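This report looks at a metal site and at several contacts between side chains. Please keep the structure in view while reading.

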Amino acid sequence: MATTNFNLRRPNYVVIHHTAQDSVAQTLKTFTLPKTQVSAHYVIAQNGKIYHMLNDYYRAWHAGVGKWGNNQDLNSSSIGIELDNDGFTEFSALQIHSLLKLLGFLKEEYGIPQANFIGHSDLAPSRKVDPNKFFPWKTLAENGYGYWYDEEKIDRIKMAKDSLNSEEFPTALPKELLVPENFDPLLALRIIGYDISKPESAIQAFELHFLQNEPDGKLNDREIKILYNLVFKYL
Ligand SMILES: [Zn+2]
């Protein structure tokens with residue numbers, strides 16, 4: 001007996017990469033050679049041209065070993081998008097313009113939640129650093145793909161621990177502007193989706209995505225405030 005009640009998988013995440021290769025031609029070749037065992041659904045060239053290499057309903061091989069939330073097989077549930085980029089330079093305006101159009105289509109077509117647009121480095125901390133620090137995550141969030149923190153609020157947020165040394169510390173700050181003493185940054189990273197089994201790697205992945213500096217794997221007060229602001233968007 002067999003059932004006829006089935007259909008193909010529906011992607012629920014988008015994972016963004018940079019190719020770390022020299023040209024689109026090189027990437028297209030890599031993805032069509034069986035021995036490489038790597039692929040992605042889409043490749044976007046620096047001139048904005050989009051190459052659709054695999055039907056969205058099939059499982060591409062782009063995420064590899066990793067974890068996001070409780071999901072340990074991102075290849076099965078995601079669309080992989082590769083941006084032609086050597087890994088160290090900015091992404092072109094044409095490339096980002098095409099990416100935003102593609103993300104709009106995917107979000108609408110498959111009903112992908114805003115939180116589920118992530119980078120390869122987010123799901124594979126310590127193993128992957130793509131897309132690089134020039135990737136415009138803030139622009140994506142402003143368009144509804146992934147989240148960004150409230151930049152104008154960060155400087156107004158206070159740390160409860162500082163109240164111990166200050167007599168004029170405002171005691172009646174709203175919850176959103178006061179990081180409580182028992183705030184656990186690692187738990188916040190876990191709620192956002194990071195695998196915290198290697199805390200320093202998780203912090204580095206967070207820094208790459210949200211601070212876009214050279215990650216040092218240690219959270220300073222400003223980064224903790226950003227994390228505190230950000231985590232409420234994922235609850
Ligand atoms: Zn990647």
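## The zinc site

Asp130 counts as buried, with a relative accessibility of 6%, and this residue is one of the donors to the zinc ion in what is a predicted model. The zinc ion is coordinated through ND1 of His17, ND1 of His120 and OD of Asp130, at 2.1 to 2.2 Å. Along the chain, these donors follow the spacing H-x102-H-x9-D.

His120 belongs to helix H4, which covers residues 120–123, while Asp130 is found in the loop between H4 and helix H5 (137–142), so the pair ties together parts that are ten residues apart in sequence. Like Asp130, which is buried at 6%, His120 is buried, and its relative accessible area is 3%.

## An edge-to-face pair of phenylalanines

A search of the whole structure finds eleven aromatic pairs. One of them is formed by Phe91 and Phe135, whose ring centres are 5.4 Å apart; the pair is edge-to-face because the ring planes stand at 90°, where an angle over 60 degrees is what the term requires.

This pair links distant parts of the chain, 44 residues apart, with Phe91 in the loop between strand E4 (78–83) and helix H3 (93–110), and Phe135 in the loop between H4 and H5. Phe91 is buried, with a relative accessible area of 9%, and Phe135 is also buried, with a value of 0%.

## A tilted pair and its cluster

The rings of Trp148 and Phe210 make another of the pairs: their centres are 5.6 Å apart and their planes lie at 35°, so the pair is classed as tilted. Trp148 sits in the loop between H5 and helix H6 (151–154), whereas Phe210 is part of helix H8 (residues 199–211), and the pair therefore ties together parts that are 62 residues apart in sequence.

Trp148 is buried, with a relative accessible area of 11%, and Phe210 is likewise buried, with a relative accessible area of 2%. Both residues also belong to one aromatic cluster, which is formed by Trp148, Tyr149, Phe206 and Phe210.

## A charge over a ring

Which ring lies under the charged end of Lys49? The ring is that of Tyr51, and the charged end of Lys49 sits over this ring at 4.9 Å from its centre.

Conventions: Residues are numbered from 1 along each chain as its sequence is written. This is a predicted model: local features need pLDDT of at least 70, side-chain atom pairs count only at pLDDT 80 or more; totals for chains, interfaces and linings use all residues. Side-chain values use heavy atoms; hydrogens and water are left out. Donors are N, O and S atoms within 2.8 Å of the metal (3.2 Å for Na, K and Ca); water is not among the atoms, so sites may look incomplete. Helices (H or I, at least four residues) and strands (E, at least two) are DSSP runs, numbered from the N terminus. Buried means under 20% relative accessible area, exposed over 50%, partly exposed in between (1.4 Å probe, protein chains only). Rings of Phe, Tyr and Trp (its six-membered ring) pair if their centres lie within 6.5 Å; planes under 30 degrees apart count as stacked, over 60 as edge-to-face and the rest as tilted. A charge sits over a ring if NZ of Lys or CZ of Arg is within 6 Å of the ring centre and within 35 degrees of the ring normal.
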